[in-house]
Amino acid sequence: MSTEFFSTTSKIQYEGPDSDNALAFRWYDKDRLVDGKSMADHLRLAACYWHSFCWDGFDIFGDGTMDRPWADGQSSLGDPMAQAKLKMAAAFEFFDKLGIAFWCFHDRDIAPEGDSFAETARMVDEMVDLAGQYQADSGLKLLWGTANLFSNARFQAGAATNPDPEVFANAAGQVAHCLEATNKLGGQNYVLWGGREGYETLLNTDLGRELDQMARFLHMVVEHKYKIGFEGLILLEPKPFEPTKHQYDYDVAAVHAFLQKYGLQDEIAVNIEVNHATLSGHDFAHEIAVAFSAGIFGSVDANAGDPRLGWDVDRFPVSVEEMTLGMVEILRGGGFTSGGLNFDAKLRRQSTERDDLFHAHIGGMDTMARALLAASSILNSGDLDNSRDARYLGWTTEFGRSILTGDTTLAGLHSRSMTAAEPVRVSGHQEALENIVARHIERIR
Ligand code: XUL
Ligand code: CO
């Protein structure tokens, strides 16, 4: 079977900001050094398997729209394993031509489900071996793997938080298998997005019990990680709702509180998705800042929502400003270690041609590259940090420090206030700072 699924024949190259070639990078120049590190090493960009290779454009109102010969059942004559292999050939052809460094997958993306757990596991293993060969041939690396614990009907009431321990056990087996597969492929992280770990109504739900179950599940995952020698991070991916009305991993702060309550805060970090942040009522940059301050920053799913749609539309990131503000926080926090930027993003349903996948990823990669350059320019200039430091100057004085070190009491501050002058208010200069950000974005080259 030919592996040429895409008419784009050669690798996508960097041509610079003035290029009009739609199939070239204008900003993503992988070897360009930014603060002594290559762009590729800063961004650690990944393409995801599920939206790009498993989804044909179907939505709740209609059938698939996209030209996806590797998934239409015709080329493979309806044989699910033959189809999985075609899909993998298409995916690795795409990754290679795009020149992206990493990929991410769910176990159910790469292999079909069989009639039993054992049969499914065997098919996953066969596809993992094949993926290992493709990785070896192409140099592509795995950013993370994850188990799909939400599509199969058995997970209607969740996996770890299911009222039935049989479902919990089945999910635990699936995660053990997928964690081992991820380890085998040299995965740099392992992600758990609680697909249906949440609830619809308290009329039938014991919330406290479900949280205890989830914690037990995660402790077992961590234990297994050490048992098999997996060196990557275990990451939870917060999302406030969808598919369930109340998802337990609402946002980074909720995940942090949960991890602390159950003694998991040193073992598990977060995978922050841009549009999950906005769905929870936060800015992307906020979620990153919360994660760094909690010491649980791990990785990012780079995508975008739609300001008028309150659901998870998973567009490719297009806003350089939004991503710049996120990259400022990422760089400030020290950047990625094992994490990276995964395009958990999909085409719009009318983008039906196969090569639309290139345009989407090129746009996303250029957006992130530009955001990196702008964020680095902002931080190197000190424009934001100097003004931020000045704002907190009072805390560096002897008086300010004495409050924080515990040398003062509420009563002491009470008597001090009796004679102290009214505090002097100073401007927060927000608009001036926004203009500074805009200027850096305009000027980078
Ligand atoms: C769902 C979502 C998932 C996770 C992995 O909203 O983002 O695709 O990234 O399960
Ligand atoms: Co995601």
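**Reading a barrel and its helices**

User: At what angle do helix 11 and helix 12 (residues 356-381) pack, and how far apart are their axes?

Analyst: The axes are lines fitted to C-alpha atoms, for helices over the stretch in contact, and the angles run from 0 to 180 degrees between N-to-C directions. Helix 11 and helix 12 pack at an angle of about 55 degrees, and their axes are 8 Å apart. The two helices are therefore oblique to each other, given that angles under 35 degrees count as roughly parallel, over 145 as roughly antiparallel, 65 to 115 as roughly perpendicular and the rest as oblique. Their contact (heavy atoms within 4.5 Å) involves residues of helix 11 including V320, M323 and M327, and residues of helix 12 including T367, A371 and A375. The model is a predicted one, in which local features need pLDDT of at least 70 and side-chain atom pairs count only at pLDDT 80 or more, while totals for chains, interfaces and linings use all residues. Residues are numbered from 1 along each chain as its sequence is written, chains are lettered from A and ligands numbered from 1 in the order in which they are written, and side-chain values use heavy atoms, with hydrogens and water left out.

User: Which hand does the crossing of helix 11 and helix 12 have?

Analyst: A crossing is left-handed if the near helix is turned anticlockwise from the far one by less than a right angle, and right-handed if clockwise. The crossing of helix 11 and helix 12 is right-handed, and helix 6 (residues 165-184) also passes helix 7 (residues 207-228) in a right-handed crossing. Helix 6 and helix 7 pack at an angle of about 30 degrees with their axes 10 Å apart, and are therefore roughly parallel to each other. Among the residues that meet there are F168, A172 and V175 of helix 6 and F217, M220 and V221 of helix 7.

User: In what order do the strands of the barrel follow one another?

Analyst: Helices (H or I, at least four residues) and strands (E, at least two) are DSSP runs numbered from the N terminus, and two strands pair if DSSP finds at least two bridges between them. Eight strands close into a barrel in the order 5-6-7-8-10-12-13-14, and the pairing is parallel. From one strand to the next the twist averages 30 degrees. Strand 5 (residues 45-48) is joined to strand 14 by three bridges, the two running parallel, and A47 has F343 in strand 14 as its bridge partner. Five bridges join strand 6 (residues 102-106) to strand 7, again in parallel, with H106 partnered by T146 in strand 7. Strand 7 and strand 8 (residues 189-192) pair in the parallel sense over two bridges, and W144 stands opposite N189 in strand 8.

User: How many residues of strand 7 (residues 141-146) are buried?

Analyst: Buried means under 20% relative accessible area, exposed over 50%, and partly exposed in between (1.4 Å probe, protein chains only). Five of the six residues of strand 7 are buried, so strand 7 is largely enclosed by the rest of the structure. On helix 10 (residues 284-294), which lies across strand 12 and strand 13 (297-301) and runs at about 170 degrees to strand 12, the residues F284, A285, E287, I288, V290 and A291 are buried. The cover over these buried residues includes helix 8, strand 12, helix 9 (274-279), strand 13 and helix 11.

User: Where is S338 found, and which side chain does its own side chain join in a polar contact?

Analyst: A polar contact is a pair of N or O atoms within 3.5 Å; within protein, one must be able to donate a hydrogen and the other to accept it, and residues adjacent in sequence count only if both atoms are side-chain atoms. S338 is found in the loop between helix 11 (320-332) and strand 14 (341-343), and a polar contact of 2.6 Å joins its side chain to that of N189. S338 is buried, with a relative accessible area of 16%. Not counting residues up to four places away in sequence, S338 touches R44, L143, Q188, N189 and L233.

User: What is the phi of R44, and what is the phi of E242?

Analyst: Most residues other than glycine have a negative phi, and most peptide bonds are trans. R44 has a phi near 45 degrees, a positive value in a residue other than glycine; R44 sits in the loop between helix 1 (39-43) and strand 5 and, at 12% relative accessibility, counts as buried. E242 has a phi near 75 degrees, likewise positive in a residue other than glycine, and at 27% relative accessibility E242 counts as partly exposed. The peptide bond from E242 to P243 is cis, with omega near 10 degrees, and P243 is placed in the loop between strand 10 and strand 11 (246-247).
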